[in-house]
Amino acid sequence: MNCLTSADRSVEPDLSGLTILLVEDEAIVALDIEDCFREWGATIFGPFGTLTDATAGAQNARMDGMQIDAAVLDVMLGSESVVPLAEHLRDLGTPLVFHSGHADPAELTGSFPLATLRIKPVSPTDLAHSVIALVGERA
């Protein structure tokens with residue numbers, strides 16, 4: 001699989017050593033992001049397609065002592081908003097990258113001023129660079 005588009009072939013992201021929580025309800029989109037992020041060195045926790053599964057996964061990870069370095073979150077999981085999970089992750093200091101075609105940017109930036117919002121469609125490369133920028137700011 002070639003994860004870089006023709007427009008971004010020269011800037012392969014380096015996600016080595018990062019554990020990224022992936023929450024996305026569209027299976028093909030989730031698999032595309034997962035495959036690319038793994039190719040670039042990340043450990044993927046997920047993908048989770050429902051709020052219930054993602055919340056339970058994040059709680060189990062914390063109880064097991066797993067460090068989640070960043071989260072890539074689809075804002076709408078079917079009819080459910082990912083905001084309750086995002087609030088929990090924000091309170092833990094986890095960098096957040098939202099990606100959605102249905103998000104209200106003003107609402108998200110008001111509640112999550114340190115997060116990045118990417119509007120779908122967005123390439124895995126762009127998502128990865130957003131993760132790198134946020135993790136780098138916290139390092």
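Strands E6 and E7 run parallel and are joined by four bridges. Strands here are DSSP runs of E with at least two residues, helices are runs of H or I with at least four, and both are numbered from the N terminus. Two strands count as paired if DSSP finds at least two bridges between them. Within this pairing, phenylalanine 98 has leucine 117 in E7 as its bridge partner.

The model is predicted, so local features need pLDDT of at least 70 and side-chain atom pairs count only at pLDDT 80 or more, whereas totals for chains, interfaces and linings use all residues. Residues are numbered from 1 along each chain as its sequence is written, and side-chain values use heavy atoms, with hydrogens and water left out.

The two strands belong to an open sheet of five strands, with parallel pairing and the order E2-E1-E3-E6-E7. At its edges stand strand E2 (43–48) and strand E7 (116–119), each of which pairs on one side only. On average, neighbouring strands of this sheet are turned by 15° against each other, direction ignored. Axes are lines fitted to C-alpha atoms, for helices over the stretch in contact, and angles run from 0 to 180 degrees between N-to-C directions. Helix H1 (residues 27–39) packs on the sheet and touches strand E1 (19–23), E2, E3 and E6; the direction of H1 makes about 175° with that of E2. Contact here means heavy atoms within 4.5 Å.

Strand E3 (residues 70–74) is joined to strand E6 (residues 96–100) by four bridges, and the two run parallel. Along this pairing, alanine 71 stands opposite leucine 96, valine 72 has valine 97 as its bridge partner, and aspartate 74 stands opposite histidine 99. E3 also pairs with E1 in the parallel sense over four bridges; there, leucine 22 has valine 72 in E3 as its bridge partner.

In a regular strand the side chains alternate between the two faces of the sheet.

The largest pocket has a volume of about 200 Å³. A pocket is an open set of points on a 1 Å grid over the protein atoms alone, where a 1.4 Å probe fits, with protein on both sides within 12 Å along at least five of seven lines; lining residues have an atom within 4 Å of a point. Grid points are joined across faces, edges and corners, and the volume is the space filled by probe spheres set on the points. Among the lining residues are Ala58, Arg62, His88 and Leu89. Helix H2 (51–63) and helix H3 (83–91) are the elements that give two or more residues to this lining.

Finally, serine 111 lies in helix H4 (residues 105–111). Serine 111 counts as partly exposed because its relative accessibility is 31%. From serine 111 to isoleucine 132 the separation is 21 residues in sequence and 21 Å in space, C-alpha to C-alpha.

Note on methods
Buried means under 20% relative accessible area, exposed over 50%, partly exposed in between (1.4 Å probe, protein chains only).
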